[in-house]
Amino acid sequence: MSGYVLAIDQGTTSSRAIVFDDRFRVVGLGQEEFRQHLPRSGWVEHDPEEIWRTTLSTMRSALAYSSLSASDLAAIGIANQRETTVLWDRRTGLPIHNAIVWQDRRTSEMCRRLVAEGTEPEITARTGLIVDPYFAGTKIAWLLDNVEGARRLAEDGHLAFGTIDSFLLWRLTGGRVHATDTTNASRTMLFDIEANAWDADLLRLLDIPGAVLPEVRDCDADFGTTDPSLFGVAIPIRGVAGDQHAAAIGQACFRPGMVKATYGTGCFALLNTGSERVASGSRMLTTVGYRLAGRTTYALEGSIFVAGAAVQWLRDELRLISSAPESGPLAENADAEQDVVMVPAFTGLGAPWWDAEARGAIFGLTRRSGPRELARAALEATCFQTSDLLAAMRRDCPQASDTVLRVDGGMVASDWTMQRLSDLLDAPVDRPVVLETTALGAAWIAGQKAGVWPGMDGFAEQWRLERRFEPGMEGAERARRLGLWEDAVRRTRSTF
Ligand SMILES: Nc1ncnc2c1ncn2[C@@H]1O[C@H](COP(=O)(O)OP(=O)(O)O)[C@@H](O)[C@H]1O
Ligand SMILES: O=P(O)(O)OC[C@H](O)CO
């Protein structure tokens, strides 16, 4: 059998498909952006049909680019934006509403109520999560309560819930598979990560009928085959993982203590904690890193909602730059005497603050502040936030104390940002040769399961360093800058 594997990387702003050969080289690529629907302040939606159309067409483009045909593929792996919630009618396959995106804050009142009722400790004990609108559970509840007729359809067994992986699986298999994987399930706030099962008490708490839920399988399970009407042949789907989990795999973070951070729209850092779940005392998330061959590997996660999105804001709203790569050189020339600090809480603050109501702020502006200082502040905010996450992880887990950060995602192209990141973390930052780590991780799960790619050790050996950034900032300056950030966050938070 051939060693070609196609990975779907269905992200927040674009759908991508990549074909890899058995030496992990990219031989085909397709990418399409799709629309972000912002019906109200704090609300973010995607059209599931657009997600499906762009996924299908990028798969076809990737195949065409590689000059391969579908029958050359040994398997498909899926990585997806997590938490984004779709409900569809099983009888027609049609969504009953737009997908509610992970960034959407419409259920913050519901979450506040759950916290006020004292439910958070039990929710955290079972799911490893914080009560926040970020996760899928309250989004499902909102759809059932606000889309006319939805609750009755759900109770009658006609509605299916899925994160994007489930929705794509349903469509790819012609409605034959309603399943998800453990990593995606672990982001719903309805899943017991110890028992590896949906939690009946949490379903009752959020008033969600169990009939809507997909079956939960391991990341490397059999997820069926594509409907032959799509590509002419039935291609096996052998791997599914949430995109951040797939990136941790693509970065070969297989040993406890290894950490990766992916800098795209947001930033998500995952620390492998091995077969034991680590409870965070610092409001990090405890999550399933991956589950392969019946064994769960846990992770601590820090989620930052705005990273590259702050650069997009400089480009699209302030129009200070015309493209993202201009931000680094601008920042490099910022006035060293000015301390302009940006807290990009456009959609609230994620870990470790979990403040859904906070909104962005800029401090320290002077008459001489301009595009350079704002560019530095936007890029540095990502570094400061990562520093908060790593400090929390180090408190929670001694294995993280002398760690090297493996980075990927669009924003790591900025050398200035990576150097500043290393300076502020006081730790090395490793940028690999292959930056398509999310797709590579999904492809590896599927490829090794299909028997055409090597196992974990063989795969880990292929990881290659492109550049290591070493810390070079004086300790006193680091402490001063981190102090400025701490002060800015304190003044931005909605609660003290
Ligand atoms: N050279 C660069 N410097 C700074 N930011 C960048 C650079 N290149 C891309 N970005 C940022 O990275 C993000 C895109 O990364 P990507 O991994 O494709 O994101 P996503 O998967 O979330 O859509 C954008 O927000 C963009 O602003
Ligand atoms: O699509 P990305 O790369 O922005 O990742 C989104 C995350 O999975 C949200 O939890």
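F24 is found in the loop between β2 (14-20) and β3 (26-33), where helices (H or I, at least four residues) and strands (E, at least two) are DSSP runs, numbered from the N terminus. This is a predicted model, in which local features need pLDDT of at least 70 and side-chain atom pairs count only at pLDDT 80 or more, while totals for chains, interfaces and linings use all residues. Residues are numbered from 1 along each chain as its sequence is written, and chains are lettered from A and ligands numbered from 1 in the order in which they are written.

**Backbone geometry**

- Most residues other than glycine have a negative phi, and most peptide bonds are trans.
- F24, although not a glycine, has a positive phi of about 65°, and F24 is buried because 20 other C-beta atoms lie within 10 Å (buried means 20 or more other C-beta atoms within 10 Å of the residue's own, exposed 12 or fewer, and partly exposed in between, with C-beta atoms placed from the backbone).
- M189, in the loop between α7 (182-185) and β10 (191-192), also is not a glycine and has a positive phi of about 70°; M189 is buried, with 28 other C-beta atoms within 10 Å.
- A cis peptide bond with omega of about -5° joins A351 and P352, and P352 belongs to the loop between β18 (341-343) and β19 (361-363).

**Recorded binding site**

- An unreviewed UniProt entry places the feature "binding site" at R82, E83, Y134, D243 and Q244; UniProt positions are given in the numbering used here, feature names are shortened, and annotations may be inferred rather than shown by experiment.
- E83 lies in the loop between β5 (73-80) and β6 (85-89) and counts as buried because 25 other C-beta atoms lie within 10 Å.
- Leaving aside residues up to four places away in sequence, E83 touches W102, Y134, F135, A136, T163 and R187, contact meaning that the two C-beta atoms, placed from the backbone, lie within 7 Å.
- Q244 sits in helix α10 (residues 243-250) and is buried, with 29 other C-beta atoms within 10 Å; with residues up to four places away in sequence not counted, Q244 touches R82, T262, F268 and L270.

**Ligand shells**

- Around ligand 1 there are 19 residues, the closest being G264, T265, G308, G410 and S414; a residue is near a molecule if its C-beta atom, placed from the backbone, lies within 6 Å of it.
- The elements that give two or more residues to the shell around ligand 1 are α11 (308-316) and α12 (327-332), and α11 supplies the largest share, four residues.
- Domain 1 (4-243) and domain 2 (252-432 + 464-496) both give residues to the shell around ligand 1, so ligand 1 lies between them; the domain bounds come from an automatic or database domain assignment.
- Of the 13 residues around ligand 2, those that come nearest are G11, T12, Q81, R82 and G264, and the shell around ligand 2 draws at least three residues from each of domain 1 and domain 2.

**Strand β14 and its partners**

- Strand β14 (residues 259-263) is mostly covered, with five of its five residues buried; V259, A261 and Y263 point one way, whereas K260 and T262 point the other way.
- β14 pairs with strand β15 (residues 267-274) in the antiparallel sense over five bridges, pairing meaning that DSSP finds at least two bridges between the strands, and a hairpin joins β14 to β15 through three residues.
- β14 also pairs with strand β20 (residues 405-408), here in the parallel sense over four bridges.
- A261 stands opposite A269 in β15, and its bridge partner in β20 is V407.
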